[in-house]
Amino acid sequence: MKPVVPQATRDVVLSEAFRPFFLLVPLAAVAAVLPLPVIWTGLVGAGTVGSAAWHAHEQIFGCLAAAMAGFALTAFPSWTGTPPVAGRPLAALVLVWFAGRVAFWLDGVLPAEVVALADLAFLPAVFGTALPALSKPGRRPLDLGLVMLGLLAANFWFHMTRLGALPGTPDAAVILGLDLLLVAIALALGRILPVALGAALRETGRKGPPRLSPGRRHLAVATLVLFAIADTVAPASPVTGWIALAAACAQLDRMVELHRGPALLRPQVLLFYVAQAFLAAGLAGLGAVALGAGFDPTGLRHLLGMGAASLTVATVMSIVSLRHTGRSFPLPRAVWIAPALIVAATLFRVIAPEIAPAAMPWLGVALPSALWAAGFLAWLAVFGPWLVAPRIAPTAG
């Protein structure tokens with residue numbers, strides 16, 4: 001019997017970590033927004049975890065975690081000069097991720113302990129694979145490594161609450177996971193924004209490397225770390241509300257650095273700008289809720305996850321796929337399709353409960369879910385052919 005995937009294609013896909021994981025992200029996105037039909041069939045959610053926590057877990061620890069793994073295991077070796085993971089070790093990582101997703105989809109059929117072990121295996125495997133880069137002196141990305149450990153701890157807490165071994169709720173653990181993912185994004189942007197902005201300046205005829213303030217970057221990250229801690233320890237406290245507002249201001253302050261005339265309108269800059277706006281708006285809204293405002297906190301969490309995090313991830317995947325397949329800026333025009341669908345999904349999810357609560361099942365759940373999944377599938381249609389084709393020219397990391 002001939003293999004389904006030709007050997008040459010398998011070799012290309014397993015040559016760099018971003019290739020298989022970025023191919024899997026859109027599929028995981030579709031799976032993450034289909035929990036209710038599966039729950040109705042009795043395959044999942046048999047009293048172990050609610051549908052909302054199930055869905056949120058798969059968005060964060062399934063879909064977005066795959067994107068983070070693809071980025072980290074591609075960028076870390078490039079930054080530190082350590083050998084990248086490829087071939088069979090990379091295939092093993094993909095299988096570990098896939099086993100976790102299958103186990104989680106069979107929650108309620110498989111014992112909860114088996115589901116937990118299968119799902120918890122992925123992030124430690126990624127961290128272990130990244131350890132040579134994290135332990136190398138010099139430009140080691142230790143900050144991102146620590147956040148990766150935090151995400152591992154949040155997922156562990158998620159499963160332990162389900163098993164009754166630790167206090168708290170799965171929802172609280174998922175929220176911590178989202179907060180830490182936002183910290184990871186803020187850290188990664190410190191390395192990606194100079195590349196994206198520099199390319200945008202060249203495209204618009206402006207010379208000179210972009211100068212970005214380390215202080216602004218550190219403030220944006222530090223306030224998000226404080227928010228993650230406060231949001232876990234005392235989510236309803238007014239102190240947490242003020243920290244959220246401070247974090248929102250820090251993100252807005254960081255956006256000022258992107259005001260570079262026509263360069264702001266290039267996709268690799270404007271998409272980050274919109275994502276930062278979603279992040280600031282979500283944090284400000286949650287801060288206002290903690291101080292007594294009557295906004296829907298669930299919608300605001302979606303502004304952070306479905307909007308800010310997902311839009312940033314899609315943009316980062318586009319830039320990484322461009323540069324690490326040997327291509328150079330500008331990005332293809334079709335790059336706008338996926339972000340447009342993600343933005344539309346986010347706006348429907350956030351606005352529907354405020355203006356049309358009776359239509360929430362369709363306008364606030366079904367339509368945003370379909371648009372969000374379609375956004376990632378559109379991304380796959382544009383960039384998927386690059387991921388399965390050989391690199392066309394050498395490129396810097």
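This is a predicted model: local features need pLDDT of at least 70, side-chain atom pairs count only at pLDDT 80 or more; totals for chains, interfaces and linings use all residues.
Local features require pLDDT of at least 70 and side-chain atom pairs pLDDT 80 or more, while totals for chains, interfaces and linings use all residues. Residues are numbered from 1 along each chain as its sequence is written, and side-chain values use heavy atoms, without hydrogens or water.

The largest nonpolar core comprises 119 residues. Such a core is a set of buried Ala, Val, Leu, Ile, Met, Phe, Trp, Tyr and Cys residues joined through side-chain atoms within 4.5 Å, buried meaning under 20% relative accessible area with a 1.4 Å probe, protein chains only. Residues with the most contacts inside this core include F21, F272, M317 and W372. Helix α9 (residues 170-203) gives the most to this core, with 21 residues; helices are DSSP runs of H or I with at least four residues, numbered from the N terminus. Beyond its neighbours within four places in sequence, M317 is in contact (heavy atoms within 4.5 Å) with F22, V25, A67, F376 and W379.

Two packed helices are described by the angle between their axes and the distance between the axes. For α5 (residues 87-105) and α6 (residues 112-120), the angle is about 150° and the axes are 7 Å apart. The two helices are therefore roughly antiparallel to each other, a term for angles over 145 degrees. At their contact, V96, A99, G100, R101, A103 and F104 of α5 meet V115, A118 and D119 of α6.

Most peptide bonds are trans. A cis peptide bond, however, joins F329 and P330, with omega about 15°. P330 is located in the loop between α13 (297-324) and α14 (337-355).

Methods
Buried means under 20% relative accessible area, exposed over 50%, partly exposed in between (1.4 Å probe, protein chains only). Axes are lines fitted to C-alpha atoms, for helices over the stretch in contact, and angles run from 0 to 180 degrees between N-to-C directions. Angles under 35 degrees count as roughly parallel, over 145 as roughly antiparallel, 65 to 115 as roughly perpendicular and the rest as oblique.
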